[in-house]
Amino acid sequence: MAALTTPSVRPSVSNQLPQRGLPVLVAADRERDSEVLALTLETVGCDVVTTTVGPGAVDLAVLAQPDAVVLVPTAPGWESVPAAIAERSAWRKPFVVTLTAHGEGLAVPGVHAALERPVSPDVLAGLVRRFREFLAGLDGFDPAI
């Protein structure tokens, strides 16, 4: 009688590679806003880097090359940040979303979406899902890599 053997199962290459989340830069004037937003975005599969709104956000966006930037401004003078990020980004221009008290920001150059605070985690999850679908439709871009 032949002995039963179990075939060796070799994991696929895709299972061996680390999964990368959607790279997102969160820039907020208040540290608490950054922390809460980062935790929320991480639960829906984003890799989040945080900073403050201002010149540091522009520098970090250029360095980190995120797919999306979420700005949570509470002080005046933030309006130049989205355009500066777009202007200095050598790679693909990031999708810029603002979270403000009254949803203002769409008229600001470089802003693609404006949401009114507070924003529910479900709304953020839906926005991330739609953005991933958009990126998946771009020629040659695989958001799972």
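Trainee: How many helices and strands are in the protein chain?

Mentor: The protein chain has 5 helices and 5 strands. Those are DSSP runs, numbered from the N terminus: helices are H or I with at least four residues, strands are E with at least two. This is a predicted model, where local features need pLDDT of at least 70, side-chain atom pairs count only at pLDDT 80 or more, and totals for chains, interfaces and linings use all residues. Residues are numbered from 1 along each chain as its sequence is written, and side-chain values use heavy atoms, with hydrogens and water left out.

Trainee: In what order do the elements run?

Mentor: From the N terminus on, α-β-α-β-α-β-α-β-β-α.

Trainee: What share of the residues counts as buried?

Mentor: 37% of the 145 residues. Buried means under 20% relative accessible area, with a 1.4 Å probe and protein chains only.

Trainee: Now the largest nonpolar core. Which residues touch the most other members?

Mentor: V24, L37, L41 and V70, out of 21 residues in that core. A nonpolar core here is a set of buried Ala, Val, Leu, Ile, Met, Phe, Trp, Tyr and Cys residues joined through side-chain atoms within 4.5 Å.

Trainee: Which elements give two or more residues to this core?

Mentor: β1 (22–28), α2 (31–43), β2 (46–51), β3 (68–72), β4 (95–100), β5 (113–116) and α5 (121–137). α5 gives the most, with 5 residues. There is also a second, separate core of 14 residues, including V53, V58, V69 and V108.

Trainee: Back to V70. What is V70 in contact with?

Mentor: Leaving aside neighbours within four places in sequence, V70 is in contact with V24, L25, V26, A27, L37, L41, V97 and L99. Contact means heavy atoms within 4.5 Å.

Trainee: Switching to voids. How many cavities of 30 Å³ or more turn up?

Mentor: The search of the whole structure finds 2. A cavity is a set of points, on a 1 Å grid over the protein atoms alone, where a 1.4 Å probe fits but cannot get out; lining residues have an atom within 4 Å of a point. Grid points are joined across faces, edges and corners, and the volume is the space filled by probe spheres set on the points.

Trainee: Which residues line the largest cavity?

Mentor: L22, V24, L41, C46, A68, V70, F95, V97, L124, L127, V128 and F131. α5 gives the most to this lining, with 4 residues.

How values were computed
Buried < 20%, exposed > 50% of the residue type's maximum accessible area, 1.4 Å probe, protein only. 1 Å grid on protein atoms, 1.4 Å probe; cavity = no way out; pocket = protein on both sides within 12 Å on 5 of 7 lines; lining within 4 Å.
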